Amino acid sequence: MTPGAAWTLLLASLAAARGGSAEAAVQLPRRIGEIVIHVPGGPSYGNPARRFRFFTPAETQALWKPQFGAHWIVWTDGSLWPRHPAAGEPTSWRPPVDRPADDEWKRRLAAEAEPVYGHLHDGNSHTVGIEVSHSGRSGDPFPEAQIRTLAWLLRTLLAMSGGRLTAASIHGHKDLDRRPAYVEERCARPGCPVYVDAAGRPFRRRVDPPEGLFEALAREGLALRRPPDGDAELLRTEAIPAGARPAVARP
């Protein structure tokens with residue numbers, strides 16, 4: 001049986017069981033209404049040395065503060081790294097991507113999804129975040145093992161929502177944070193300095209993840225609706241000369 005067929009049977013059985021045994025199923029925390037996908041690499045306007053740099057899970061987690069960061073990191077080999085493993089638990093897991101999650105896996109994911117972490121501007125209380133280890137550059141591929149784990153995780157979270165969440169509940173970071181690229185964190189409001197291109201147009205603060213990630217998910221059978229110009233802002237940042245910092249202006 002293919003993974004897609006297995007998921008179809010699982011969802012059908014959950015639908016048939018509604019009002020009965022489905023009540024005992026492990027549920028996604030009720031606070032969660034959206035799933036946000038990130039990649040750690042990006043344009044790093046003010047620090048060209050970190051522009052589109054590839055970060056390992058350990059390097060990514062080292063950059064996070066105790067209440068900041070995504071709920072999971074999906075590494076290139078398909079391993080899943082929770083933000084804060086439970087005491088005595090390993091730092092990463094290898095999900096059973098060829099079959100739906102059992103109750104033990106669901107309980108683990110539900111517990112890991114419960115805390116509120118800072119990963120999305122003005123949107124943390126009702127979301128979970130997934131970091132997909134990647135440079136953030138549009139032309140860099142995503143390994144098959146990584147995509148299979150990401151697809152498995154997304155399908156599992158949707159199934160655990162009991163129908164509350166659908167594919168339309170899954171977003172890229174750039175879809176939900178359209179602010180300009182402010183120069184300073186403490187001045188991030190209209191009128192504050194922003195990085196701009198040669199034509200004076202502000203760059204976008206968030207340009208992740210590349211559309212190649214969504215294309216890879218579609219090949220794995222999880223098609224998400226995407227805008228036709230999804231990488232337009234990312235491509236603008238990739239045109240910044242190596243080692244250069246963009247100009248600064250007050251819009």
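Visitor: How do you know that R226 lies over the face of F214?

Guide: A charge counts as over a ring if NZ of Lys or CZ of Arg is within 6 Å of the ring centre and within 35 degrees of the ring normal. R226 is at 3.8 Å from the ring centre of F214 and lies over its face. The model is predicted, so local features need pLDDT of at least 70 and side-chain atom pairs count only at pLDDT 80 or more, while totals for chains, interfaces and linings use all residues. Residues are numbered from 1 along each chain as its sequence is written, and side-chain values use heavy atoms, with hydrogens and water left out.

Visitor: Which residue lies over the face of W93, and at what distance from the ring centre?

Guide: That residue is R108, at 3.4 Å from the centre of the W93 ring.

Visitor: How many aromatic pairs are there, and what makes W93 and W105 an edge-to-face pair?

Guide: Searching the whole structure gives 5 aromatic pairs. Rings of Phe, Tyr and Trp (its six-membered ring) pair if their centres lie within 6.5 Å, and planes under 30 degrees apart are stacked, over 60 edge-to-face and the rest tilted. For W93 and W105 the centres are 6.1 Å apart and the planes stand at 70 degrees, so the pair is edge-to-face. W93 sits in the loop between β3 (80-82) and α3 (103-113), and W105 in helix α3, 12 residues apart; the pair thus links distant parts of the chain. Helices (H or I, at least four residues) and strands (E, at least two) are DSSP runs numbered from the N terminus.

Visitor: Which residues do ring pairs link into a cluster?

Guide: Y45, Y195 and F203 are linked in this way.

Visitor: Why is W93 called buried?

Guide: Buried means under 20% relative accessible area, exposed means over 50%, and partly exposed lies in between (1.4 Å probe, protein chains only). W93 has 15%, so the term is buried. W105 has 10% and is therefore buried as well.

Visitor: What makes S44 partly exposed, and D122 exposed?

Guide: S44 has a relative accessible area of 24%, so it falls in the middle class. D122 reaches 73% and therefore counts as exposed. S44 is in the loop between β1 and α2, and D122 in the loop between α3 and β4.

Visitor: What is the phi of S44, and what is that of D122?

Guide: Most residues other than glycine have a negative phi, and most peptide bonds are trans. S44 is not a glycine, yet has a positive phi of about 40 degrees. D122, also not a glycine, has a positive phi of about 55 degrees.

Visitor: How do you know that the peptide bond from D208 to P209 is cis?

Guide: Its omega is near -5 degrees. P209 is in the loop between β6 (194-196) and α6.

Visitor: Which residues of helix α6 are buried, and what covers them?

Guide: In α6 (residues 211-219), the buried residues are E211, L213, F214, A216 and L217. Their cover includes β1 (34-38), β4 (127-132), α4 (144-160), β5 (170-172) and α5 (173-176). Contact means heavy atoms within 4.5 Å. Just after α6, G221 takes a positive phi of about 95 degrees.

Visitor: Why is A151 called buried, and what is it in contact with?

Guide: A151, in helix α4, has 0% relative accessibility, so it counts as buried. Neighbours within four places in sequence aside, A151 is in contact with L217, E220 and L222.

Visitor: What makes T60 buried, and which residues does it touch?

Guide: T60, in helix α2 (residues 57-63), is at 4% relative accessibility and so counts as buried. Not counting residues up to four places away in sequence, T60 touches P40, F55 and I73.
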